[in-house]
Amino acid sequence: MDLGEFREYCLRKPGAGEETSFGPDVLVFKVGGKMFALAALDEVPARVNLKCDPDLALDLRDRYQQVTPGYHMNKRHWNTFEIERGIPDAELRKMIDHSYDLVNKSLSRPRAKLAARLRRSSTAGRRARR
């Protein structure tokens, strides 16, 4: 998976948005105003941060040398992934899904309602573009 594919997959998540709140070199992916992924645009090899259950985070770090504690993040809840080598694309998609689900489930009721509205409007927009 390259950075473009990573970005596209994150943005396909219902209610997901993208911003550059940490500067022009870092893409931040959010749902309901909360981060679920970050991607450094100037890193070679490409690296991304994903939120993760603490036990699973440790397991992934043991299984893949390309997974390390989250760079500039809470090391218990975030992992940094080198996405262009060694980790199967299916595993990366699964981890993006996991990160998104963790954040989406943690949203307060007002944020969850907003995210649901965004999901409905983004679905309607996709249908209209077809």
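Is H72 buried or exposed? At 65% relative accessibility, H72 counts as exposed (over 50% relative accessible area, with buried under 20% and partly exposed in between, using a 1.4 Å probe and protein chains only). Keep in mind that this is a predicted model, where local features need pLDDT of at least 70, side-chain atom pairs count only at pLDDT 80 or more, and totals for chains, interfaces and linings use all residues. Residues are numbered from 1 along each chain as its sequence is written, and side-chain values use heavy atoms, leaving out hydrogens and water.

- H72 sits in the loop between β5 (67-69) and β6 (78-82).
- Its phi is positive, about 60°, although H72 is not a glycine.
- Over in the loop between β3 and β4 you'll find P45, and the peptide bond from V44 to P45 is cis, with omega near 0°.
- Most residues other than glycine have a negative phi, and most peptide bonds are trans.

**Two helices packing**
- Helix α1 (residues 3-11) packs with helix α3 (residues 89-106) at an angle of about 40°, their axes 11 Å apart.
- On the α1 side, F6, Y9 and C10 meet R93, I96 and D97 of α3 (contact means heavy atoms within 4.5 Å).

**The core**
- The largest nonpolar core has 28 residues, and F6, F36 and F81 touch the most other members (a core joins buried Ala, Val, Leu, Ile, Met, Phe, Trp, Tyr and Cys through side-chain atoms within 4.5 Å).
- α3 gives the most to this core, with five residues.

How values were computed: Axes are lines fitted to C-alpha atoms, for helices over the stretch in contact, and angles run from 0 to 180 degrees between N-to-C directions. Helices (H or I, at least four residues) and strands (E, at least two) are DSSP runs, numbered from the N terminus.
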